[in-house]
Amino acid sequence: MRRNRFENLVQGALFCAALLVTAPTLLAGGTSVTLVTPRCVTIGTDMIVDLRIGPGAPSIVGLQSALSYNGAVLQFVSEEPGDAPFDLPIYFTHNSALSNMSLAVGIAPPNAPSAGNVVAKRLRFHVIGAAGDCTPDQLVQFRADRQVRNLLTDSNGTAILPVLASLNEVNLGPGPSISAAADVVGVPPVGSMQLITNLGVVTASGCGPILNLTFVRSDGELVVSAPFERVNSPISIVWTVTDECGRSASDTQLVTVNVVYGDLSQNGIVDASDISIALNSWGPANAAGTGDVDGDGTINAKDIALLLNNWGSTTP
């Protein structure tokens, strides 16, 4: 019985055309065979493609596949064993000029047939060039071939036509890019050292499906829309985009709070009107920081001293 199963395995792998013709009613059920690879791949590294048989397979003892690949992006390196119990290499051919290959693997007795959910074969490629898209279609795919059909063989030697799913989403595109909006130079409201401003639109691109956008403000604020204090000016905002592969790009935006110390009235000169604002705001500063020349949160003698030191200065 074991010898018969082994003979059936080889016959099913090598002479599938006859099986497909003589037993067409047995080909409709099947199971899935998919090509699986890591989502993120870098040029100059190796990429492993798994030929995986889906779960619930009907007593499978052999897999035969005809494959092709994009030779402008991938260079074939080697065939490698799959997972147990697929331990029997039957044949493997590779045509580098046509960028295709044919293979068959099986399960040697006395190992039991497989119910699927297993990698039957692995193929190693070297990534030699970038694809034209982040997720190129059919980078590696099953091919139609009259001599070598894509099929599974069960323990009775019967050919089963599987549902095939080719590799179609590998991140080979360029790293992300980001462009912050123009630098901001603004003047706070009259009597305030705080600037609240629109920072514009940050433009980011990269391979998805998800791009993560973050920022770091030099003044330590954790909310990007928080007011910008004159005492911290200029404030830098470093914008960073990170793609699904962990690659990142950054751009910096500067916010300058443009007011001379002491020109609280913003009339272009430090004069008595500014002293009046500071005296009328004496004590803890309000939310807008009105009269708080040095930005320490309190209007006191230090602010009056700054006013006097900058007396007569003009706003830039």
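Which two cysteines form a disulfide, and how far apart are their sulfur atoms? They are cysteine 40 and cysteine 245, with the sulfur atoms 2.2 Å apart; a disulfide here is a pair of cysteine sulfur atoms within 2.5 Å. Before going on, keep in mind that this is a predicted model, where local features need pLDDT of at least 70 and side-chain atom pairs count only at pLDDT 80 or more, while totals for chains, interfaces and linings use all residues. Residues are numbered from 1 along each chain as its sequence is written, and side-chain values use heavy atoms, with hydrogens and water left out.

Back to the disulfide. The structure holds one, and the torsion about the S-S bond of cysteine 40 and cysteine 245 is about -90°, so the disulfide is left-handed. The pair ties together distant parts of the chain, 205 residues apart: cysteine 40 is in the loop between β1 (32–36) and β2 (46–53), and cysteine 245 is in the loop between β18 (235–242) and β19 (248–257). Those labels come from DSSP runs, numbered from the N terminus: helices are H or I with at least four residues, and strands are E with at least two. Cysteine 40 has a relative accessible area of 32%, so it is partly exposed, and cysteine 245 at 25% also counts as partly exposed. For the cut-offs, buried means under 20% relative accessible area, exposed means over 50%, and partly exposed is in between (1.4 Å probe, protein chains only).

Now for the aromatics. Four aromatic pairs turn up in the structure. The rings of phenylalanine 76 and phenylalanine 125 have their centres 5.6 Å apart and their planes at 70°, so this pair is edge-to-face. Here is the rule behind that: rings of Phe, Tyr and Trp (its six-membered ring) pair if their centres lie within 6.5 Å, and planes under 30 degrees apart count as stacked, over 60 as edge-to-face and the rest as tilted. This pair also links distant parts of the chain, with phenylalanine 76 in strand β4 (residues 74–81) and phenylalanine 125 in strand β7 (residues 118–127), 49 residues apart. Phenylalanine 125 is buried, with a relative accessible area of 1%, and phenylalanine 76 counts as buried at 16%.

Next, have a look at serine 68, in strand β3 (residues 60–69). At 14% relative accessibility, serine 68 counts as buried. Leaving aside neighbours within four places in sequence, its contacts (heavy atoms within 4.5 Å) are Ser99, Asn100, Leu139, Val140, Gln141 and Arg143.

Serine 99 lies in the loop between β5 and β6 and is buried, with a relative accessible area of 12%. Its phi is near 55°, a positive value in a residue other than glycine. Serine 59 has a positive phi too, near 60°; this residue is in the loop between β2 and β3 and counts as partly exposed at 28% relative accessibility. Most residues other than glycine have a negative phi, and most peptide bonds are trans.

The peptide bond from alanine 84 to proline 85 is cis, with omega near 10°, and proline 85 sits in the loop between β4 and β5 (88–95). Proline 109 and proline 110 are also joined by a cis peptide bond, with omega about 10°. Proline 110 is in the loop between β6 and β7, where you also find alanine 112. Alanine 112 is exposed, with a relative accessible area of 51%.

Finally, the helices. Helix α3 (residues 272–280) and helix α4 (residues 301–309) pack at an angle of about 175°, with their axes 10 Å apart. Axes are lines fitted to C-alpha atoms, for helices over the stretch in contact, and angles run from 0 to 180 degrees between N-to-C directions. α3 and α4 are therefore roughly antiparallel to each other (under 35 degrees is roughly parallel, over 145 roughly antiparallel, 65 to 115 roughly perpendicular and the rest oblique). Where they meet, Asp274, Ile275, Ala278 and Leu279 in α3 face Ile304, Leu307 and Leu308 in α4.
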